[in-house]
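Subject: Structure handover

Hello,

Here is the structure I promised. Please open it alongside this note; my findings follow below.

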Amino acid sequence: MAEAAPRKQDLFDEQFLKKLEYLAIVSRKVFAGRVRAERRSRKVGAGIEFADHRDYAPGDDIRYLDWNLYGRLEKLLLRLFEEEEDLHVYLLTDASGSMRTGHPPKLEHAMKLAAALAYVALSNLDRVSIVPFGGEEKRDPLPPARGKGRIFKVFNFLRELEASGRTHLYDAAAELVHRHKRRGLVVLTSDFYDPDGVEGALNVLRHHRFEPIAIHVYDPREARPELKGDLEIVDCETGEARPVTISSKVLAAFAREHERYLADIESFCASRAIPYFRAPTDLAFDELVLQIFRRGGFLR
Amino acid sequence: MSFAGLSGLGVLAAFAAVAGPLVVLYLLKMRRRRIEVPFVKLWQHVLSEREPTSWLQRLRRLLSLLLQLALAALLAFALGDPRMAGRAHDARSVVLVIDCSASMQARDVTPNRMAKARAEARKVVRGLGGADAALILRMDAEPVPVTGWETDGHALERAIESLEASDDAADFDGALALAGDALRGRTGPTIVVVSDGALGEIRRPPAGDVRFVRVGASAGADNVGVTAFNVRRYPLNKSSYEVLLEIVNHSQKPAQRTLTLEADGEAVDVAKLDLAPGEKLRRFYPNLSGAQSRLLARIEPHDALVLDDTAYALLPPRKKQRVLVVTDGNLFLEGGLLLDESAEVDRLTPAAYATARAQGYDVVVFDRFAPAEPPRARGLLYIAPPRAQSPIAVRSEIKRPFLTELAEGHPLLRWITLTDVNIAESSVFALERGDVALASSLHQPIIVAGQRGGQKMLAIGFDLRRSDLPMRVAFPVLLVDALDWFAGDDTQLASSYRTGRPWRVAGPPGASQVTLIDPAGGRALAEVGDDGFALFFGRHVGFHRIAAAAPAGPASGPASGPAADSWIAANLADPNESDITPRALVIAGRTAPPPDLGGPGPRRRLWALLLVAAIALSLFEWVSYQRRWTV
């Protein structure tokens, strides 16, 4: 831990900031001409640009009835306008004990990703909130912030994160949807090492009309650990121990199992139209952020 | 099965010492290394597919334990050096008699017979059965076992490799007697003789089955050798000498040789010899003169056996002696001494005698007189010494003695006949240790030779004038013999010795020990006896140096000064050894068959096989561990 502290201080240095600025510029170029930088929502009312009609339902504001169409078609149709609104970006970041592992630790990688995404979002005038989770006790989130000037607040918040406790993805997702009424983008950054699975967490986000994005952080060496012989493996979160005899065949099987685990999560996300990104620790965070932009998952 | 290393109990103890801790360690639960992983669930899924059943796991652990125990058992067993006992009646005791005599130097086979004999002996050892024991016996003039009863083939072969051919003859009878003694009480007694076969016929079969391995080629075994080479000075003319030479052609065809006789490196005679098959040629060279001392006879060209192509001899050095005669007048005595041209005689009356007057003389003769203190001369001759002053105690007097016992082999009585000598009366001497009674009358010594304080002494108990001895031829010869004996110039001393025999070598005056230095520089030490001679067992041909190892003291060697080194010569001089034609070995009229040692399987190094098995097992254990067949 004595070595981890100074590393964390250096995590967001000037070089890092330069890369963030570059990402912010690149993100504008990537989406230029397609959509505006701001996010729009289809809502009745407040907007200027007509978007669509829908059937009138009791309780709707009769001011938005299209009387011209009623005259022609004798049908009550409501005019819909695209309304500009602030995008809420929730960076749901895993800080459980398993994120302590890896070279560099997966938490550091996740923190860089969160910082990068937060910077881009803040640059786009979105509201960014960081919601860490891990362990039995509730962790205080970073309240929604807006504007580039708040990035240092984000950095400071991330620096304070410590990896500990067990992973409860579902609980974290449920907590988020209940505490934050404003819908928005939920970037779930985790190694997804939850014995209860990842599906419940993503589903609860979807069901509450949040838009989840899954970023799977892992260390490639986790798939091929340098182990041999008779060992007792201990889960770093649960403390569960198990005697094993490691051979090359066992290692090969574990590598396949690890890949299958990643593929299962990716497959689930694909089936639910949830953007899914693999974030190995040996992949530079800025490259990953660019991948996310190119896939268009970050902005609709 | 028997164990040559640890005993059976020792093997068990060694196994228990290793197996005990092994079992304890296996019984104790192995503490596994704890490794923290991020997500055990992934491992659980992998391991559930591969999880062996508990009985399989136990079997793996048991297999691992069994492998370790087997490894320990193999090593413990190897430490025991197990031997296959075979059936009791198959076990044989083999005495391997290897001929190391001079004839084994013959080069009729490549590189020589000795190397061939070693190779044949190795074959015999390698043909021994697992239960057979063998003993290597070196056969030369002094057969000696070079190993004990051995079952270790390597030890036997090492002993065989150390054998070299000697310069002497083989004592086959001695070797067979030794082999018989070694085989007494042992099962399957067998004697295997590896030789060129010039051993003569053995009429009395030895104990045990005798097998014979013949070494040597019938073709090319031609040899012409010097079988005798002697030289001597004439007794009364020591400036001249004569040489006897004997050369034998042992081959089956005529031989031409050049004979060269050299004296101190200079050729005395060169002769072409035409020798018929089997011819024995004797050459006699009389009346040779010169101051030379080293003689050498060489026949050329060399043949299969080089050793007997050269013979060595030494001519005793001529010695001039100063003799002082202390007498009131004795013509017989003085006249007899004048006959020896090597003697320079002075006369002194007893009244004029003083010890100082005798200084510088080699020999002092006292006639009817004996001083209170003997002078420091090399030899003292007392004739009828007065009883009171006699250096050899006078026991009694005897009237008209007649000589009944004579020491005929003594050099002082050489060429002498003393029977029928008339003597009026004589003193009877009391012998001391080392004294020799040269002539006795009914066992009463009246002529005695001995040594006192390193001085040679001859005492005649009767007055010469009152006997007819001076009238006989024996008297001057006795005086010459006495002077020669005093001077150590014993003409019976061999001019050359035969190898493989005890050598009786005259030691330097006063020396208590002498060292024999052979031509190769080898040294042997021997005590000088009371008679002034040392005994060596000579083994090498050539000139040998005799050096005094330790002077006896200041009183010794009165007229000779510091002891000087002397030389002797030695030759093979054995017609049997020079005859190198390979022959069969005949025992009691039956030709000895070749060895048939295909016993109960070849001698196997079980411990080595066990060690190999242990290494293989260890390798298998490693592989099985790597592949997780074992834990």
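Start where the two chains meet. V234(A) has E36(B) as its bridge partner in β2(B). The strands involved are β9(A) and β2 (residues 33-37) of chain B, which pair in the parallel sense over five bridges. Strands here are DSSP runs of E with at least two residues, helices are runs of H or I with at least four, and both are numbered from the N terminus. Two strands pair if DSSP finds at least two bridges between them.

Some ground rules. This is a predicted model, in which local features need pLDDT of at least 70, side-chain atom pairs count only at pLDDT 80 or more, and totals for chains, interfaces and linings use all residues. Residues are numbered from 1 along each chain as its sequence is written, while chains are lettered from A and ligands numbered from 1 in the order in which they are written.

**Chain A: hairpin and helix**

β9 (residues 229-235) also pairs within chain A, with β10 (residues 241-246), in the antiparallel sense over six bridges. There, I233(A) is bridged to R242(A) of β10(A). The two strands make a hairpin with five residues between them. In the turn, G239(A) has a positive phi of about 75°.

Helix α9 of chain A covers residues 248-271. Its 24 residues reach 34 Å from first C-alpha to last, close to the 34 Å expected at 1.5 Å a residue. The expected span is 1.5 Å times one less than the number of residues. The buried residues of α9(A) are F254(A), H258(A), Y261(A), I265(A) and C269(A). Buried means 20 or more other C-beta atoms within 10 Å of the residue's own; exposed means 12 or fewer, partly exposed lies in between, and C-beta atoms are placed from the backbone. A273(A) follows α9(A) and has a positive phi, near 60°.

Overall, chain A has 10 helices and 11 strands. Of its 300 residues, 36% count as buried. Contacts here need C-beta atoms, placed from the backbone, within 7 Å. Among contacts in chain A between residues at least 6 apart in sequence, 75% join residues at least 24 apart.

**Chain A: the sheet**

Six strands of chain A form an open sheet with mixed pairing, in the order β6-β5-β4-β7-β8-β11. β6 (142-146) and β11 (276-280) of chain A stand at the edges with a single partner strand each, so one side of each has no neighbour in the sheet. Neighbouring strands are turned by 20° against each other on average, direction ignored.

Within this sheet, β4(A) and β5 (residues 127-133) of chain A pair in the parallel sense over seven bridges. Y90(A) stands opposite S129(A) in β5(A). Helix α4(A) packs on the sheet and touches β4, β5, β6, β7 (185-190), β8 (211-218) and β11 of chain A. Its direction makes about 175° with that of β4(A). Axes are lines fitted to C-alpha atoms, for helices over the stretch in contact, and angles run from 0 to 180 degrees between N-to-C directions.

**Cores**

The largest nonpolar core has 92 residues. V95(B), L96(B), V97(B), I98(B), L137(B) and V194(B) have the most contacts inside it. Apart from it lies another core, of 78 residues, among them F133(A), I213(A), I215(A) and F254(A). A nonpolar core is a set of buried Ala, Val, Leu, Ile, Met, Phe, Trp, Tyr and Cys residues joined through C-beta atoms within 7 Å.

**Backbone points to check**

Two peptide bonds deserve a look. H103(A) to P104(A) is cis, with omega near -5°. P104(A) lies in the loop between β4 (88-94) and α4 (106-123) of chain A. T110(B) and P111(B) are also joined by a cis peptide bond, with omega about -5°. P111(B) sits in the loop between β4 (93-99) and α4 (113-126) of chain B.

Now phi in chain B. A384(B) is not a glycine, yet has a positive phi of about 45°. This residue counts as buried because it has 23 C-beta neighbours inside 10 Å. H443(B), also not a glycine, has a positive phi near 65°. H443(B) has 9 C-beta neighbours inside 10 Å, so it counts as exposed.

Best wishes

Technical notes. Contact = placed C-beta atoms within 7 Å.
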